[in-house]
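Please look at the model before reading on.

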2 protein chains.
Amino acid sequence: MPDAVLQGERLAISRLLTEVENDTPAGQAALNQLFVHTGKAHLVGITGAPGTGKSSLVNQIALHYRKAEPPLKVAIVAVDPSSPFTGGAVLGDRVRMRELSGDSGVFIRSMATRGSLGGLAVATAGMAQVLDAAGFDVILIETVGAGQSEVEIVKLAHTVLVVDVPGLGDDVQAIKAGILEIADILVLNKADRPGVEAAERALLGMLKLGHPTKHLVQHHGKLEEVLAPADTAADDWLIPIRRTVATDSSGLPELLEMLGKHKAHLQQSGDWQRRERSRLHTQLQGLVQHTLMSQWRNQISDEEYSQALDKLVARELSPRQALQALLG
Amino acid sequence: MPDAVLQGERLAISRLLTEVENDTPAGQAALNQLFVHTGKAHLVGITGAPGTGKSSLVNQIALHYRKAEPPLKVAIVAVDPSSPFTGGAVLGDRVRMRELSGDSGVFIRSMATRGSLGGLAVATAGMAQVLDAAGFDVILIETVGAGQSEVEIVKLAHTVLVVDVPGLGDDVQAIKAGILEIADILVLNKADRPGVEAAERALLGMLKLGHPTKHLVQHHGKLEEVLAPADTAADDWLIPIRRTVATDSSGLPELLEMLGKHKAHLQQSGDWQRRERSRLHTQLQGLVQHTLMSQWRNQISDEEYSQALDKLVARELSPRQALQALLG
């Protein structure tokens with residue numbers, strides 16, 4: 001299987017992705033063999049509050065990479081919630097992506113968010129490695145949502161796009177705050193909507209709040225005010241804000257240019273190696289957590305666990321006492 | 001400390017919550033002693049997509065419980081993202097809650113989402129137990145966001161409110177889908193906005209998709225169409241949809257009535273015990289995960305870990321091989 005994957009055979013890739021998603025021994029063995037062939041792809045994480053049009057934007061990014069000179073091979077890993085309710089939403093995504101699916105330079109894979117968090121991040125990392133080894137130049141990792149689980153997933157990327165839109169409610173500010181911290185590039189999508197100036201101003205304000213002296217803020221449009229702190233190192237990355245309208249492709253060439261600039265910045269500054277280290281740390285932590293929990297589950301019989309729960313419900317043991325009993 | 005907490009002394013409660021949040025030995029010991037006094041409070045989890053006005057709704061629920069006859073003692077645990085960017089958002093919440101803070105029958109505590117996920121769910125569960133033992137009748141656990149971490153947190157509740165609003169984008173459907181699954185009551189907040197009928201219809205459609213035969217769907221307003229499957233057991237809970245406008249309190253009395261009905265339903269059907277079991281299972285899993293990771297971190301020296309990471313970055317070891325080296 002690994003050889004066929006290295007040669008980019010779609011069926012072999014697809015099968016291995018399934019093995020990796022299900023964390024099978026065959027998948028684990030193949031990942032061990034393939035890992036030495038990874039490290040070439042540019043991993044781009046895309047996240048943001050709900051309602052920001054991330055899927056359409058990801059499709060457009062992929063299409064524009066395909067139209068670039070030379071065209072790049074692009075893989076998309078879309079991490080979707082899976083539930084009895086999602087039939088429609090997931091299907092909708094697949095239909096929207098159909099325009100890309102006839103292209104052999106594009107590979108699209110959706111993944112369910114079922115199962116443990118550790119498991120999901122582990123699976124996403126493994127799938128990205130398969131696609132990296134298979135020769136895809138850019139791997140777009142898209143997460144639906146903006147919770148901490150999504151943050152863990154985009155931490156597996158070299159470059160993180162955080163997507164926002166004009167006109168989301170105030171509550172969203174708090175959500176955005178949590179993910180702004182990990183952004184390398186901010187995208188203001190649906191930029192043809194009213195309120196785009198105000199949204200950009202708000203983002204700028206949050207960036208300044210977060211990095212009052214560390215980062216210059218580059219931005220687009222009329223807001224020419226920037227911070228110019230004296231201690232900004234010359235090789236610091238300036239978090240840019242890019243406006244896009246995914247439905248008519250406007251702003252996409254500029255966004256791709258910025259993605260290329262960020263990759264070049266990482267490579268020139270030595271941050272690429274630091275990012276790799278941090279990415280692999282995230283993956284290793286997820287793997288450790290997942291493995292420790294699996295080992296523990298295999299050690300405890302269902303009966304033992306059930307009895308501990310009974311005692312908890314009866315308040316005969318506290319949760320920590322039950323823990324001590326179960327961990328022996 | 002436990003005695004003062006049992007007597008409801010605010011300073012003692014506040015200090016113990018800090019110990020529990022920081023997972024100190026004193027906090028753990030106090031929780032062991034207090035656990036036998038828990039199990040009385042009605043734990044209500046509130047979640048939903050961003051922008052739905054959850055905080056205002058939670059404040060209104062608390063105010064209405066205080067005005068009830070007899071007034072109930074209410075605690076709020078608000079789980080907020082913590083980052084250098086959130087100063088404003090968290091402060092905003094605190095200001096909004098000021099109207100409640102002079103009332104000795106109300107206790108409000110915010111918690112950061114920093115640190116490990118396991119740690120956060122563990123801390124939330126522990127804090128709810130402190131407040132339960134301290135005599136609060138209702139504990140409202142509010143989470144910002146709609147990711148899997150938030151789902152883990154609301155699973156600690158007896159009753160889960162999922163909040164939605166008219167007019168959120170299509171992307172939000174997928175998010176909603178993931179959390180609809182855990183809803184006991186659906187709240188359509190900001191119901192004075194245009195599009196409320198369409199939003200209610202969409203929710204109804206998703207409920208039908210998820211539970212085509214298992215649940216009747218009760219709803220409010222003009223949509224009188226309901227499923228009436230023959231195999232619906234008499235004691236099945238019918239997921240209601242309630243419209244609210246948190247800013248002017250409309251729909252709040254009806255929502256409180258529904259919360260009371262759900263509690264009564266749980267108690268009469270025996271589901272209260274099943275819920276307790278499932279709640280405590282969630283808490284125990286989180287505790288196990290947190291503890292296993294801590295134990296492992298204490299076993300591995302920083303140097304050992306750093307060397308494994310070096311080998312990963314150099315592609316000398318695969319992640320799974322590094323894992324095996326680190327787990328011995």
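Predicted model: local features only at pLDDT ≥ 70, side-chain atom pairs only at ≥ 80, totals over all residues.

Residues are numbered from 1 along each chain as its sequence is written, and chains are lettered from A and ligands numbered from 1 in the order in which they are written.

Chain A is divided into domain 1 (36-269) and domain 2 (271-328), with bounds from an automatic or database domain assignment. Between them, 14 residues of domain 1 are in contact with 11 residues of domain 2 (contact: C-beta atoms, placed from the backbone, within 7 Å).

Strand 4 (residues 138-143) of chain A has six of its six residues buried, so the strand is largely enclosed by the rest of the structure. Buried means that 20 or more other C-beta atoms, placed from the backbone, lie within 10 Å of the residue's own. Strands are DSSP runs of E, at least two residues long, and helices runs of H or I, at least four, numbered from the N terminus. A:V138, A:L140 and A:E142 point one way from strand 4, and A:I139, A:I141 and A:T143 the other way.

In chain B, helix 4 (residues 54-67) meets helix 11 (residues 252-269) through B:Q60, B:I61, B:H64 and B:Y65 on the helix 4 side. Their partners in helix 11 of chain B are B:L252, B:P253, B:L255 and B:L256.

Methods:
Contact = placed C-beta atoms within 7 Å. Axes fitted to C-alpha atoms, helices over the stretch in contact; angles between N-to-C directions. Buried ≥ 20, exposed ≤ 12 C-beta atoms within 10 Å, placed from the backbone.
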